[in-house]
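Subject: Structure for your files, with notes

Dear colleague,

Here is the structure I said I would pass on. My notes follow below it.

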Amino acid sequence: MRLERRSASSLGWQLLSPLIAVTLAMLTASALFAALGHAPLQVLELLFIAPVSDAYGLSELALKMTPLLLCATGLALCFRAGVWNIGAEGQYLAGCLVGGSVALALNSPDGPTVWYLCSAVVAGAAGGAVWAAAVALLRTRFHCSEVLTSIMLNYVALYLLLWAVGGPLKDPAGYSFPESALLEEAMLLPPLVQGYRAHVGFAASLLALAVLWTVVSRTLLGFKISVVGDSQAAARHAGFSEHRVVWTVLLSCGALAGLAGVMTVTGPVGQLTPHLSSGYGFTAIIVVFLGRFHPLGLLLAAALLALSFIGGENLQIELGLPKSIALMFQGLLLFFLLATELLTHYRLVPRE
Amino acid sequence: MDLIFIADLLAATLAATVPLALCVTGVVIGERSGVLNLGQEGIMLMGAVCAFMVALNSGSYLLASLAGAAVGAAMGAAFALLTLVFQSNAVATGLALTIFGTGLSAFLGEAYVGESISGLGPLLPEALRTVPLLGPVFFGHDALFYAALVLCLLVHRVLHTQRVGLMVSAVGENPETAHRLGLPVLRTRWLTAIIGCAFTGLGGAYLAIVYTPLWTEGMTAGRGWIALALVVLAGWRVSWGLLAAFGFGFISISNLVLQGLGVTIPVNLLATLPFVMCLLALVIVSSGRRSEREPPRSLGQTYIKEN
């Protein structure tokens, strides 16, 4: 057998390969669990089925999907333009820090709290955008590879957050924990359905996804982004400014990731703590690949990966397994996804 | 600040240099042949946790070091399989390795958190170690330290002065031409990917069984990423890479320096320093790029063999 390049990438395989990858990742994970002495079916059930078997579970799923979808939407835009922004994590944390600081500064039970809350959310998006702007500046002005600079900025953002919650933003009335004061009830995002934790941010993330899809598929800007991503030479010939596209996608991604951050602070957490991210910015990269850059795909992929986070926590509670299992599963998934991608561009033909 | 304090600082810097130096050397091996593997952080963590497990259970530091290198090599082989055979995107594949390695190392190492091993004792005889100033700085280290140093210098020699090194560069600069000249492009890249990652795994092993010596989740603290940046800074050369690793070894013990000077800076602010310095270094190198500092021309690109 040998490989022959397809003239056009196969649509069938594009749809099939994520499913194959998910199946292979689950099989490998099962083998690993079995090797470690856990019944694979029980583990898979706890990971992927038990967490969403009731309304509460579904609300938790929407809650975890919110930051993933927002980050993935921004990253899809970047990757389409050929900008390897690995910094959604840092942009998310910058959003947490800036948005959370504003929310804490305006923290009050009464007054125009809707406006206070809006300011905090806007500040969070701005914080994320500024963090991404640094990457854009370093790439367009100083020709630094965005891969490395965005990674470095992730760490800087993380340590700044840790410093802030252990220092200037630490709750003076709290115990010795490195945590800020709790936000007032009025400073929190309203829930989608009373009594459940999923909040209006989920609706915002769906809106962001719809807007992205419209921009990418229906506008000149979307076309420019694709051209720059496919061929910089072609973009130059067409007179499209590569710099402008780089700035546009990075600022959009930063703002969306920052939004995800501030919506976690003003959503389920309600204060600044050291543990605001479970690595959403990294997992969102897998969401983009698994979702094949398609809005519906992104939605399904975000649901699966959000589920792996919740399932990981579930495993920790039920079996005492570390929740890092979620990360392991995600890494495996991306691995198999990349391997099966070959079949969308090539076909196997018998050797003559 | 007296001489003894400076000697202690230098010794501590040298010890902190080793994990970075091994990883930098590994990255140079891969990247000179065009292999861009962003999985260094995950590979280093896997090397660290496996070496620690072996050291604790067998008591043998040699076995533990070999285990770290072997796990690194295995992950390098996985990377090569995906990027060279399945022709996957190098950036995404490296990220998958980092995510997978971070998760699996935390999973494997969970039972080992809080366990401790004695670490390796000094290799050289007492008489050498007690030579004033020079003794504590250069002669007080463990066997793995000197082995790592020798390995890195050996790689420097092979890559920059031997025929094999030219072959590797030819493959990295222009794989199509290298192929037409009869060089085995894919086989070269398989080997450099595997050997390079073995170095990274060994770096992780040093961190866990000698430097700290213990295992904690995510204990590499970004060293894999820093190494990738240092290679750019070093212009893809082992010698400059070792120097850069020494510089960043010093930055990573800056808390000791400041303590010695009686300055207190919040530990988390200080922790941003290596990353900020990396950014600065990248800016300086990238904006004043000379021709010999260019990356290998085929770095990170998928190679499709002509028939």
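A residue counts as buried if 20 or more other C-beta atoms lie within 10 Å of its own, as exposed if 12 or fewer do, and as partly exposed in between. B:Ala221 has 16 C-beta neighbours inside 10 Å, so this residue is partly exposed. B:Ala221 sits in the loop between H10 and H11 of chain B, and its phi is positive, about 50 degrees, although the residue is not a glycine. Please keep in mind throughout that this is a predicted model.

A:Phe293, which is not a glycine, has a positive phi near 60 degrees. The residue lies in the loop between helix H11 (280-290) and helix H12 (295-319) of chain A. With 18 other C-beta atoms within 10 Å, A:Phe293 is partly exposed.

Chain B as a whole

Chain B has 15 helices and zero strands. Its radius of gyration is 19 Å, close to the 19 Å that the globule rule gives for 307 residues, so chain B is as compact as a globular protein of that length. The C-alpha trace of chain B spans about 65 × 45 × 40 Å along its principal axes. Of the 307 residues in chain B, 50% are buried. Taking the contacts in chain B between residues at least 6 apart in sequence, 79% join residues at least 24 apart.

One helix shows how burial works out locally. In helix H8 (residues 163-173) of chain B, the buried residues include B:Val168, B:Ala170, B:Val171 and B:Gly172. Among the elements that cover the buried residues of H8(B) are helix H1 (3-32), helix H7 (143-161), helix H9 (175-180) and helix H10 (185-211) of chain B.

Where the chains meet

On the chain B side, 37 residues are in contact with 36 residues of chain A. Four helices of chain B each supply at least two residues of that side: H4 (90-109), H11 (223-233), H14 (267-271) and H15 (273-287). H4(B) gives the most, with twelve residues. By class, the side of chain B that touches chain A has 25 nonpolar, eleven polar and one charged residues.

The largest nonpolar core has 220 residues, and A:Cys71 and B:Ala229 have the most contacts inside it. Leaving out residues up to four places away in sequence, A:Cys71 touches A:Ala88, A:Tyr92, A:Leu256, A:Ala257, A:Ala260, A:Tyr280, A:Gly281 and A:Ala284.

Helix H3 (residues 55-80) and helix H10 (residues 242-269) of chain A pack at an angle of about 170 degrees, with their axes 7 Å apart. H3(A) and H10(A) are therefore roughly antiparallel to each other. A:Cys71 is one of the residues that H3(A) brings to this contact, and those from H10(A) include A:Leu256, A:Ala257 and A:Ala260. By class, the contact has 16 nonpolar, five polar and no charged residues.

A lysine in H3(A)

Helix H3 of chain A also holds A:Lys64. Is this lysine, A:Lys64, buried or exposed? A:Lys64 is buried, because 26 other C-beta atoms lie within 10 Å. Apart from neighbours within four places in sequence, A:Lys64 is in contact with A:Ala306, A:Phe309 and A:Ile310. The C-alpha atoms of A:Lys64 and A:Ala198 are separated by 8.5 Å, with the two residues 134 apart along the chain.

Regards

Definitions and conventions. Residues numbered from 1 in each chain as written. Chains lettered and ligands numbered in written order. Predicted model: local features only at pLDDT ≥ 70, side-chain atom pairs only at ≥ 80, totals over all residues. Contact = placed C-beta atoms within 7 Å. Nonpolar A, V, L, I, M, F, W, Y, C, P; charged D, E, K, R; others polar. Core = buried A, V, L, I, M, F, W, Y, C linked by C-beta atoms within 7 Å. Axes fitted to C-alpha atoms, helices over the stretch in contact; angles between N-to-C directions. Parallel < 35°, antiparallel > 145°, perpendicular 65-115°, else oblique. Rg over C-alpha atoms; globule rule 2.2 N^0.38 Å.
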